[in-house]
Amino acid sequence: MKSGFIQNGCFLVLTFITGLFYFCFYMLALSFSLSLSFIGIGIPLFTRVLRTTTTFIQFERTQTKIYTDITTAPYDKKTTTDASIWVHAKLELTDRRNWLAVFWLMQKLGIGLVSLVSVVVLYLTPLAFLLAPILYRYIDMNVIFMQVDTFAKSLLIMVLGAVLAAISVKLGDRLAKTFGGYTRTMIQQLDR
């Protein structure tokens with residue numbers, strides 16, 4: 001149970017990190033390649049950026065399987081290797097699945113922000129409450145308008161931390177499964 005709790009926490013943190021990465025990567029790469037498309041260099045760069053969607057979606061699939069044990073169908077994309085660069089560019093730029101994949105991957109930033117807040121509330125707050133008998137001497141702790149300045153109050157906060165930790169185990173698992181289901185939904189929508 002403890003390893004599942006920690007694994008769910010790692011998944012939620014990784015969801016934030018990957019969501020931030022996808023958003024920044026596509027925002028910068030697409031803007032940069034669009035700005036260079038007027039001189040001709042940007043079109044091949046644009047197609048290379050759009051080809052990354054398959055790799056990132058496969059990574060999402062693997063990450064979801066490892067951390068949440070949610071199995072999703074493989075995401076395959078057709079590629080033609082015998083065509084010229086400009087034919088590839090046209091195929092990549094006009095493929096609706098590429099743009100939907102970019103949209104779904106960039107949306108992961110919102111889910112990642114919710115994940116980050118969830119990690120703070122579900123993982124760090126109970127930990128700080130459980131460590132209250134040690135921490136109250138070194139830092140000023142105020143919990144729900146109560147200043148924790150005695151050992152008895154810190155024990156009360158520690159009990160509250162134990163209750164929050166028990167609740168966090170269930171909520172953390174549920175959130176990880178819900179956010180893992182996002183990957184399944186994403187792949188189902190892209191395979192239509």
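At what angle do helix H4 and helix H6 pack, and how far apart are their axes? Before I answer, the ground rules. This is a predicted model, in which local features need pLDDT of at least 70, side-chain atom pairs count only at pLDDT 80 or more, and totals for chains, interfaces and linings use all residues. Residues are numbered from 1 along each chain as its sequence is written, and side-chain values use heavy atoms, with hydrogens and water left out.

Now the pair. H4 covers residues 96-130 and H6 covers residues 151-190; they pack at about 170°, and their axes are 8 Å apart. That makes H4 roughly antiparallel to H6, a term for angles over 145 degrees. Axes here are lines fitted to C-alpha atoms over the stretch in contact, and angles run from 0 to 180 degrees between N-to-C directions. Helices are DSSP runs of H or I, at least four residues, numbered from the N terminus.

At Leu124, shortly before the proline Pro126, H4 has a kink of about 30°. A bend is the angle between axes fitted to the seven residues ending at a residue and the seven starting there.

H6 has 40 residues and reaches 56 Å from first C-alpha to last, close to the expected 58 Å. At Ser168, H6 bends by about 25°.

Last, H2, residues 42-68. Its 27 residues reach 38 Å, close to the 39 Å expected. After H2 comes Asp69, with a positive phi near 60°.

How values were computed
Helix = DSSP H or I, 4+ residues; strand = E, 2+ residues; numbered from the N terminus. Parallel < 35°, antiparallel > 145°, perpendicular 65-115°, else oblique. Expected span 1.5 Å × (residues − 1).
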